[in-house]
Amino acid sequence: MADMNQKREADWKKDARREARRAARESVFTLLYETEYHPDEQAEDILARAVEEREITDEENYVRDVYLGIMARRDEVDECIGRHAKGWRTNRLSRVSRAVLRLGAYELMFVKSTPVAVAINEAVELSKKFDDPKARAFINGVLNAIKNELSEGAKTEQTSADIVAETDDEG
């Protein structure tokens, strides 16, 4: 009986962490969307105002770190999105789709603690909640293409490292 209670408690804590992270992602999404309407403001100022005016729960500084990270690397993230958004320039996407893609792409590219499938699924869920129904497949496709590019890059890096290691061993 004690084991079952411990399992239930562990499951509850896991669900609570998952929901807290989902809420944090939604907060980042809203900040990215809000930024679209204030292009001349500093990201730090937008974040500070949002924290002051709204209840933003910041699980382990995720909101701050990810939002400011996206803003600092926005050109790099947008370039990656642009390579995979066939027929679309990033600046021509809807504000909602652009915010969702920036968050999903940034998580895939830079937040190594987020599993790839989770980053993509959560972006699609945000799209379901806030975007046009037709955008889901587009967002899923773009993020899967980014995932594939990143995994190919990792394989290439690994192969290069193996070649260097073999060369060093031969010397």
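1. Axes here are lines fitted to C-alpha atoms, for helices over the stretch in contact. Keep that in mind for the helix pair below. The model is predicted.

2. Start with α4 and α5. Helix α4 covers residues 74-84, and its axis lies 10 Å from that of α5. The two pack at an angle of about 100°. That makes α4 roughly perpendicular to α5, because angles of 65 to 115 degrees count as roughly perpendicular.

3. Now look at who meets whom. From α4 come Arg74, Glu76, Val77, Asp78, Cys80 and Ile81. Their partners in α5 are Leu101, Arg102, Ala105, Tyr106, Met109 and Phe110. By class, this contact of α4 with α5 has eight nonpolar and four charged residues, and no polar ones.

4. Stay in α5, which spans residues 95-110, and find Arg98. Is Arg98 buried or exposed? Arg98 is buried, because its relative accessible area is 7% and the cut-off for buried is under 20%.

5. What does the side chain of Arg98 reach? One backbone oxygen is that of Leu93, at 2.9 Å. Another is the backbone oxygen of Asn91, at 3.3 Å. Leaving out residues up to four places away in sequence, Arg98 touches Glu36, Thr90, Asn91, Arg92 and Leu93.

6. Finally, turn to α2, residues 43-53. Which of its residues are buried? Ala43, Ile46, Leu47 and Ala50 are. They sit on the same side of α2, because they cover an arc of only 95° around the axis. The face turned away from that buried side carries Glu52 and Glu53, both exposed.

Terms used
Residues are numbered from 1 along each chain as its sequence is written. This is a predicted model: local features need pLDDT of at least 70, side-chain atom pairs count only at pLDDT 80 or more; totals for chains, interfaces and linings use all residues. Side-chain values use heavy atoms; hydrogens and water are left out. Helices (H or I, at least four residues) and strands (E, at least two) are DSSP runs, numbered from the N terminus. Buried means under 20% relative accessible area, exposed over 50%, partly exposed in between (1.4 Å probe, protein chains only). A polar contact is a pair of N or O atoms within 3.5 Å; within protein, one must be able to donate a hydrogen and the other to accept it, and residues adjacent in sequence count only if both atoms are side-chain atoms. Contact means heavy atoms within 4.5 Å. The arc is that of the directions from the helix axis to the C-beta atoms. Axes are lines fitted to C-alpha atoms, for helices over the stretch in contact, and angles run from 0 to 180 degrees between N-to-C directions. Angles under 35 degrees count as roughly parallel, over 145 as roughly antiparallel, 65 to 115 as roughly perpendicular and the rest as oblique. Ala, Val, Leu, Ile, Met, Phe, Trp, Tyr, Cys and Pro count as nonpolar, Asp, Glu, Lys and Arg as charged, and the others, Gly among them, as polar.
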